[in-house]
Structure formats: structure tokens, C-alpha cells
Amino acid sequence: MERTGTYWQTQEELTYGSMVAWRNNARCIGRINWQMLQVRDMRYLSTAQDIFMAIVEHIRLATNSGKIRSMITIFAPQRPGHPGIRIWNPQIIRYAGYRQANGTIIGDPLHTKLTEVLYKLGWRGAQGGAFDLLPIVIQMPNRPPELFELPRDCVLEVALSHPDFSWFIELGIKWHALPVISNMRLEIGGISYTAAPFNGWYMGTEIGARNLGDINRYNLLPLIAKMMGLDTRSDRTLWKDRALVELNRAVLHSFALAGVTIIDHHTAARQFIHHEKREQQAGRKLYADWSWIVPPMSGSTTPVFHIPYENRQVTPNFFYQDDPWLEQRFLSSYPTKE
Ligand code: ARG
């Protein structure tokens, strides 16, 4: 500590610290599984190329042909007074968003900014489709960012069909099986791991309610309501609610059909209540961010809706960090429109 201002953690500290960071994260409803996290120590990798290969391996191991494993891959920690390693993508597997000349967006509107930045970094792999995989951007400390294209065959995706509506599959909607968050900082014992991608498995509503349903995401409710023949002229027909339920049934149905792990929001909420009891028995206080724990549909039908939670951020934990392209030296090269 005196010589370098930092210290190198043991594998045990890294492994247990990661689990506790998950357990401490107030926004996650799936924390009952905190002890099932598989921790990969990749701190010794020193090039963007090697880090990229470890990420591809993470995708393969965590996807596990659909039987999703919760996993984190930890790259070298940030050195005091230096920038850390950064993965620019908010998640490892994400879809491009293309802003059209007429103002409409093809793909995921959440990623229009990253898609533009990638273009300026020289990415020419854009297909212009609704579900184009973004390349991975890895930036080593004090180095320019480097781009890597994911091998298609490592990314498992699920085509959406509906248990009752045969027309649903024709809509051509799909989603990726694995949510790997890659832009958060893991803090354990005062050490910051700025590149430590981690994943669990999806809860259906993340895809069916938010990613595909939100007005500022894929905004599919009007289309689905129209296909269902609902009267969309008045909010009071509850056409949005009805379309939302069917979209979410399609997500759960399709993932199950494809043999990909997914949990519905009722089961997840029930497990969370069980987790709360277990934590109490262990003599620990459970902190939670109510607005994130309550599912984005049918909230009051789940038990968590009826419980007030205290929200506190304790460490170890996962923290947000600024988007790297907003850093001064990059800002000058990309005139921002917003
Ligand atoms: N909500 C994010 C998404 O839809 C994923 C967040 C993490 N989710 C999880 N089940 N581990 O992509």
C-alpha cells in the first residue's frame, strides 16, 4: 500500500467480493442467486485482443446452449491516478440503432448514440437492420479504443412466437438470450474494476415490457394491438395493456420453447421475498430500490409492490460510470447533436 497506493486482491477476495457486490445491488430482483455466481479472474490480460477473446469465451460459457449460468469476468483493476480499462458498450450483446434522415429510427433507439460513435470510429459493418449486433469497443488505459466484431455463432437469439396467435412469428421479432452488463464499475475493498462484465438470465418483462414495449425503445404495442384487431382510438379500451400482456406471453413462451433460461415476474418477485427472509435469518438488512424491484407490468399483483424498502448503497457494489466517449479528448472529435 505504501509503495504503490494499492494492493492485489486474492482470488477469494475477488470471488466473494463479486458475490457480495451482487447481493448489495439494490436494483436487482434476482439476488436470491448471489452465491451461484461464477467468477472468472482475468486480471492478468494486458491487451484489448486478449480481453475480447475472454469476452467471447464468457458469452459461450454463460450461454451454455440456453441453460444460462450467472457469470462475471474480471479484468485488471484501475491503478490509482490512472484511467481504468473500459468496455464502451453498455452490454456485450446489443442491437444498433440507426437514425434515419426523416427522424425515425431503425433498430434499438437506446443505442443510436453508440452506433454514431462507432461509425466515427470507423465501423463499416452496419447492415441497417432492426437487430444488427454492435461490435465491441475496448479501450486500454491511455490508449485509443479498439473495435472487435463478435462471432455470429456465439450469440444465441430467440425468435418470438406466440402460444395462440399464429401471425406473431411473421412480425420477425427476436431478442438475445444473454444480458451481459459491461459498463459498470465493480468496487471491492476500495479497489475499482472498471471492466468486469457480468450476466444473469432475463426476467421476461425486461424484454416484453421495456425493450420491446417502451415508446422510446422498439415501441411494438401499436403494431401488436393492430394485429389483434383492438380499438386503438381510445386509451380506455386498454389496448396497450392487452397488447403488453400478449407480447410478454410471447417472450416467455418463445424462450421456453428454445430451451433458454428465463423467469416470469411473478416467480421472480416470490423468490425475492424468500431471499429477503433468508437475509433476515442471516442477520443482514436487505436494501432495495422499490421502483426497480417492482416489475414494469402488473406491479400490484406481485408481493414486492406491497412492501416498502429502504434504499441504501453499500459496498462492495456495482456503480455507474460515465460513457467513455463523453471524455474531453473524444468529445472534440464527435460534434454532438443533442
Ligand atoms: N434490463 C436489461 C436488458 O433488458 C438487462 C439488465 C440485467 N438483467 C438481468 N436479468 N440480469 O437488457
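These legends describe close-up views of a predicted model. Local features need pLDDT of at least 70, side-chain atom pairs count only at pLDDT 80 or more, and totals for chains, interfaces and linings use all residues. Residues are numbered from 1 along each chain as its sequence is written, and side-chain values use heavy atoms, with hydrogens and water left out.

View A. Q91, R94, P179, I181, G200, W201, Y202, E206 and N211 surround the ligand. Each has a heavy atom within 4 Å of it.

**View B. Polar atoms at the ligand.** A polar contact is a pair of N or O atoms within 3.5 Å. A polar backbone atom of W201 is 2.6 Å from a nitrogen atom of the ligand. For Y202, a polar side-chain atom lies 2.6 Å from a ligand oxygen atom. For E206, a polar side-chain atom lies 2.7 Å from a ligand nitrogen atom. The protein covers 72% of the 350 Å² of accessible area that the ligand has on its own (Shrake-Rupley method, 1.4 Å probe).

View C. C28 sits in the loop between α1 (11-24) and β1 (38-41). Helices (H or I, at least four residues) and strands (E, at least two) are DSSP runs, numbered from the N terminus. C28 touches W22, F272 and I293, not counting residues up to four places away in sequence (contact: heavy atoms within 4.5 Å).

**View D. M53 on helix α2.** M53 belongs to helix α2 (residues 48-63). M53 and Q313 are 260 residues apart in sequence and 33 Å apart in space, C-alpha to C-alpha.

Methods:
A polar contact is a pair of N or O atoms within 3.5 Å; within protein, one must be able to donate a hydrogen and the other to accept it, and residues adjacent in sequence count only if both atoms are side-chain atoms.
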